[in-house]
Amino acid sequence: MTQQEDTRIRVGVVGFGNYGKAAAKAVGKCRDMELVAIFSKRDPQKLQNSYAKVYPTDKVAEFADRIDVVIICDTLGTKLQQETPQLAQYFHTVDSHPLRGTPPTAKEVEAKRQLRLEELERMAKDIAQRQAARDAAAGVEQTADASAATPDTNAAPGTSEEENLDEGIHEVSGMMLPAFIKEPVFQPVYQAFPDYFAAVDQVGQSTKHVSLCAVGWEPGLMSMFRIISDSLFPKTKTYTFWGRGISMQWSNAIRTFEGVLDAVAYQVPKEEPLTAVLNGEPIYDDSRKALHYMECYVVADPAYDKEQLREEIMEMPGWFADYDTQVTFLSPDEMREFHSRLTHAGLVLSRASTSQGINEQIKLEIDMDDNLEFTAYVMVAAARAAYRAGQAGWSGAHTMMEIPPIWMHPDPPEKLRFQTSGS
């Protein structure tokens with residue numbers, strides 16, 4: 001083994017979905033890294049590839065002495081909050097927690113569930129009464145359980161849904177309801193970031209591992225830029241716009257809903273405030289809802305009530321409830337044809353006045369052809385920084401804002417510090 005190979009950072013990728021594949025590809029292009037293994041909950045035999053061998057996720061601890069840092073791509077959903085602390089026992093880690101989502105309390109969930117059950121009970125009673133009226137009109141003898149609507153196998157072909165209410169009736173919580181009505185299920189959301197960060201930090205401090213949390217282009221790269229620009233001048237005013245483009249985190253949030261087969265969520269700047277900021281004009285409301293709206297496209301399971309799904313998505317706490325949100329349902333073919341490109345964009349613009357009549361402006365603009373690949377490369381650079389932070393004696397959880405940017409570069413500081421733009 002050469003000296004260069006001996007000093008390469010040994011990387012593992014946990015999860016081999018779209019993010020995992022993009023991360024594995026990015027690691028393979030880094031001269032100072034070696035992709036040791038990929039881990040997946042799916043059958044490894046069906047996932048073998050040219051990047052690295054795939055192992056079951058439950059084998060990851062066996063690689064504690066063979067891997068320096070793992071990039072967690074297994075899920076951007078709720079499982080991340082248990083997975084990262086577990087992995088931080090054995091490795092330095094990089095994850096992409098989205099920073100948002102305050103779960104409703106158990107009391108709030110139960111109250112909402114009871115309201116939904118009451119609504120379903122009223123629906124079941126209405127169906128039973130209308131079925132009984134139809135039976136009476138047809139001279140069908142009523143039985144003791146006549147209140148339980150049953151399918152009408154003698155319905156004439158071509159009858160409307162209004163005339164054939166009992167078609168596809170099934171039981172939900174002891175009530176007879178149309179087949180598209182399901183037991184009320186309220187989706188979990190991400191653990192609040194401070195609690196998540198504290199849990200990961202506790203493990204990292206005890207095991208002397210470094211975990212970089214909430215890594216990506218946003219949060220992550222753009223967060224670093226905001227810290228730099230906001231620190232330079234007093235009374236800096238910073239504006240952040242995302243899109244128009246598909247957010248993987250927001251799209252994954254929709255996919256957590258039962259009954260959603262596929263989904264994409266576009267973050268879209270509102271034209272009026274964006275134009276004002278670009279023209280140097282003041283805006284008086286810079287809240288999330290004032291600056292952006294969400295445009296969601298969903299492929300739904302035909303067995304589910306689309307209006308119920310729409311309501312659940314639009315009211316998702318910590319996520320879509322904070323924005324003007326549009327939900328449009330599409331067929332799988334329409335989704336593939338019109339929403340397969342994962343483009344995205346971002347703009348951070350900071351303005352400050354250093355003296356009377358003297359104004360300064362700093363702008364970071366990002367334009368992505370592929371959100372997945374862009375984010376994967378940011379996470380790989382963060383993995384390099386996490387490893388170097390560990391080498392420097394750091395431990396516990398951190399964000400990209402706390403890491404020296406020079407640690408993200410493949411070249412050593414002693415080389416970079418003397419480089420000039422003409423070298």
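Pro-219 sits in the loop that runs between strand E8 (210-212) and helix H6 (221-232), where helices (H or I, at least four residues) and strands (E, at least two) are DSSP runs numbered from the N terminus. This is a predicted model, in which local features need pLDDT of at least 70 and side-chain atom pairs count only at pLDDT 80 or more, while totals for chains, interfaces and linings use all residues. Residues are numbered from 1 along each chain as its sequence is written, and side-chain values use heavy atoms, with hydrogens and water left out.

The peptide bond that joins Glu-218 to Pro-219 is cis, with omega about 0°. A cis bond also leads from Gly-243 to Arg-244, with omega near 10°, and Arg-244 belongs to the loop between strand E9 (237-242) and strand E10 (245-246). Most peptide bonds are trans, and most residues other than glycine have a negative phi.

Ala-214, in the loop between E8 and H6, has a positive phi of about 60° although it is not a glycine. Lys-208, in the loop between helix H5 (193-207) and E8, likewise is not a glycine and has a positive phi, of about 65°. Ala-214 is buried, at a relative accessible area of 5%, whereas Lys-208 is exposed, at 58% relative accessibility; buried means under 20% relative accessible area, exposed over 50% and partly exposed in between, with a 1.4 Å probe and protein chains only.

Helix H6 has 12 residues and spans 17 Å from its first C-alpha to its last, close to the 16 Å expected at 1.5 Å a residue, the expected span being 1.5 Å times one less than the number of residues. Its buried residues are Met-222, Ser-223, Met-224, Phe-225, Arg-226 and Ser-229, and they pack against E9, strand E14 (344-355) and strand E15 (358-368), contact meaning heavy atoms within 4.5 Å.

The largest pocket is lined by 36 residues, and Glu-218 and Pro-219 are among those nearest its centre, together with Arg-100, Arg-226 and Trp-242. A pocket is an open set of points on a 1 Å grid over the protein atoms alone, where a 1.4 Å probe fits and protein lies on both sides within 12 Å along at least five of seven lines, and lining residues have an atom within 4 Å of a point. E9 gives the largest share of this lining, four residues, and H6 is one of the elements that each supply at least two.
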